[in-house]
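Reader: I'm new to this one and would like to learn how to read it. Could you walk me through it?

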Amino acid sequence: MSQRILILDFGGQYTQLIARRVRQAKVYSYVVPWRTPADELRKMDPTGIILSGSPASVRFTDAPRCDPGVFTLGVPVLGICYGMQLMASMLGGQVAAGDKREYGLAQTTFNTTHRLFADMPRQSPTWMSHNDGVTMLPPGFVSIAHTADCPNAAMADDDRRLYGVQFHPEVTHTPEGMRIIASFLRHICGCTGDWDMHGYAETAVARIREAVGTGSVLLGLSGGVDSAVTAALIYRAIGDRLHCVFVDHGFMRKGEPERVREVFTSFFPVHLTCVDAADRFLDKLKGVSDPEQKRKIIGSEFVAVFREEAAKLGKLDHFAQGTIYPDVIESGAVPGSNVIKSHHNVGGLPRELGFTSLVEPLRMLFKDEVRALGLVLGLPKDMVQRQPFPGPGLAIRVVGDLTREKLHIVRESDAILREEIDRAHLTDTLSQFFTVLTNVRSVGVMGDERTYFAAVAIRAVITDDFMTADWARIPYDTLAHISRRIVNEVPGVNRVLLDVTTKPPASIEWE
Ligand code: XMP
């Protein structure tokens with residue numbers, strides 16, 4: 001991984017997206033805080049630097065300003081939005097608030113003889129989202145794009161290889177954006193674009209070997225994608241010196257615990273401890289119906305079980321966890337950051353267990369990259385493509401208190417839903433789908449019998465980020481089929497409902 005792009009983060013909402021786009025262009029990239037001194041940046045040996053956007057304005061004294069040495073490192077720098085304004089103001093240009101706020105799409109005319117805009121149409125829309133603009137270019141710069149209201153929509157100083165764009169090339173609203181990013185990487189930074197998951201896997205394996213030496217590693221498997229990929233990667237590096245603990249709390253979906261056992265005994269034969277703790281969890285949860293209370297009990301019981309099992313394994317040298325890049329960025333723990341908070345995923349568990357050495361081989365990867373890595377390592381597709389599933393699992397998909405019977409209903413109805421959605425080839429079109437056992441009972445007839453049974457709800461959503469979501473329009477015929485199967489095959493159910501609520505105001509889960 002010799003070529004890399006550093007993204008200086010000024011707090012813009014699209015910073016992560018810039019990192020993703022650069023990686024999509026097959027160039028390794030990561031985000032560093034805007035405060036990082038130029039000397040430290042130099043040590044990271046960047047091939048190029050991108051300055052992110054920011055909600056701040058360079059016109060104010062408290063605005064975040066990078067080390068001026070960034071502009072004399074000798075590597076190309078691209079400022080995006082605030083990044084361009086900052087570059088202009090630090091290098092002797094002028095920035096002012098626009099008379100007309102240019103927000104949203106703006107038809108932009110490009111100087112297509114410039115390398116940054118090579119192979120582009122002369123005109124295309126770009127996405128603008130800042131009130132400020134560069135009114136006077138710094139010495140050495142020329143304007144290479146304009147809109148009706150913005151004469152300096154992009155600027156370039158080819159001698160110093162410094163560039164700025166007022167718009168956001170990283171968002172999909174800018175149709176030529178990816179091409180502009182690729183041109184910066186290829187034509188200006190000279191990146192070859194050969195970063196991929198195979199290469200990443202090799203490098204990560206070498207690093208794990210170096211960090212672990214002849215020692216042993218403990219990893220908790222959750223059934224989720226991140227811990228599974230972490231296990232597969234560490235297994236490739238150190239074989240059965242990897243010890244995994246899988247706590248089955250009894251709230252996983254049908255077939256999942258078996259699948260975890262199968263994959264990590266046959267395909268990746270790690271040292272695997274499986275703990276069937278279903279009774280223990282149900283005991284603790286008896287009569288508890290408050291959702292938050294349920295979550296808390298499950299969380300603390302999980303740690304207790306894990307701790308007991310880890311103690312039985314004796315002293316291991318390192319603790320591994322499947323922390324991924326968005327977790328790292330959110331916790332502020334990016335390299336060079338002043339505030340390093342620990343990731344909340346497993347809280348202080350490693351330290352409590354006496355571990356001083358953490359192995360986190362996915363720290364630099366986005367979710368889709370983690371999935372791609374999983375496939376490269378040979379994990380089964382169903383495990384790698386698994387949709388998000390909450391830690392407390394089916395326990396929060398039974399509204400109210402829990403019993404074995406209620407869990408059976410939600411597990412079986414969920415399995416039918418999954419089977420039918422798959423059969424209708426809809427799986428890839430939905431972000432998340434599951435059934436919920438409501439605490440409503442209603443009257444029905446089955447044969448000649450009156451029934452007074454439970455109502456099961458179907459929740460299926462489409463979303464990019466899980467912060468907002470739309471309910472999925474599953475075809476009626478498929479729904480009819482699912483409903484028929486659930487009431488026929490799952491004892492104790494006589495009614496199926498469809499949740500047609502967006503998030504907000506509803507959440508995706510019911511608890
Ligand atoms: P909500 O219900 O908040 O869900 O709209 C958004 C996403 O988060 C998942 N979710 C959880 N994941 N522990 C988790 O690990 C939880 O307690 C939890 N609650 C919700 C949910 O499945 C959805 O993908």
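**Reading the ligand site and the rings**

Author: Let's start at the ligand: one of its oxygen atoms is 2.7 Å from a polar backbone atom of Ile508. A polar contact is a pair of N or O atoms within 3.5 Å; within protein, one must be able to donate a hydrogen and the other to accept it, and residues adjacent in sequence count only if both atoms are side-chain atoms. Keep in mind that this is a predicted model, where local features need pLDDT of at least 70 and side-chain atom pairs count only at pLDDT 80 or more, while totals for chains, interfaces and linings use all residues. Residues are numbered from 1 along each chain as its sequence is written, and side-chain values use heavy atoms, with hydrogens and water left out.

Reader: Which side chains have a polar atom by an oxygen atom of the ligand?

Author: Arg295 has a polar side-chain atom 2.6 Å from a ligand oxygen, and for Glu509 the distance is 2.5 Å. Taken alone, the ligand exposes 490 Å², and the protein buries 69% of that (areas by the Shrake-Rupley method with a 1.4 Å probe; for residues, only the protein chains shown count as cover).

Reader: Which residues are around the ligand?

Author: A residue is near a molecule or strand if one of its heavy atoms lies within 4 Å of it. Here the residues around the ligand include Arg295, Pro388, Gln432, Phe466, Lys503, Ile508 and Glu509. The shell divides into five nonpolar, three polar and three charged residues (Ala, Val, Leu, Ile, Met, Phe, Trp, Tyr, Cys and Pro count as nonpolar, Asp, Glu, Lys and Arg as charged, and the others, Gly among them, as polar).

Reader: How do I read aromatic pairs?

Author: You describe a pair of aromatic rings by the distance of the centres and the angle of the planes. Rings of Phe, Tyr and Trp (its six-membered ring) pair if their centres lie within 6.5 Å; planes under 30 degrees apart count as stacked, over 60 as edge-to-face and the rest as tilted. By this rule the count is 13 aromatic pairs. Take Tyr28 and Tyr30: their centres are 5.8 Å apart with 55 degrees between the planes, a tilted pair. Ring pairs also link Tyr28, Tyr30, Trp195 and Tyr200 into a cluster.

Reader: Are Tyr28 and Tyr30 buried or exposed?

Author: Both are buried (under 20% relative accessible area; exposed is over 50%, partly exposed in between, with a 1.4 Å probe and protein chains only). Now for another pair: the ring centres of Phe319 and Phe355 are 5.3 Å apart and the planes meet at 55 degrees, so this pair is tilted. It links distant parts of the chain, 36 residues apart: Phe319 is in strand S15 (residues 318–320), and Phe355 is in the loop between helix H11 (349–352) and strand S16 (358–359). Helices (H or I, at least four residues) and strands (E, at least two) are DSSP runs, numbered from the N terminus. Phe319 and Phe355 are buried too.

Reader: Which charged end sits over the ring of Phe355?

Author: A charge sits over a ring if NZ of Lys or CZ of Arg is within 6 Å of the ring centre and within 35 degrees of the ring normal. The charged end of Lys315 does this, 5.5 Å from the centre of the Phe355 ring. Likewise, Arg253 lies over the face of Phe389, at 4.7 Å from the ring centre.
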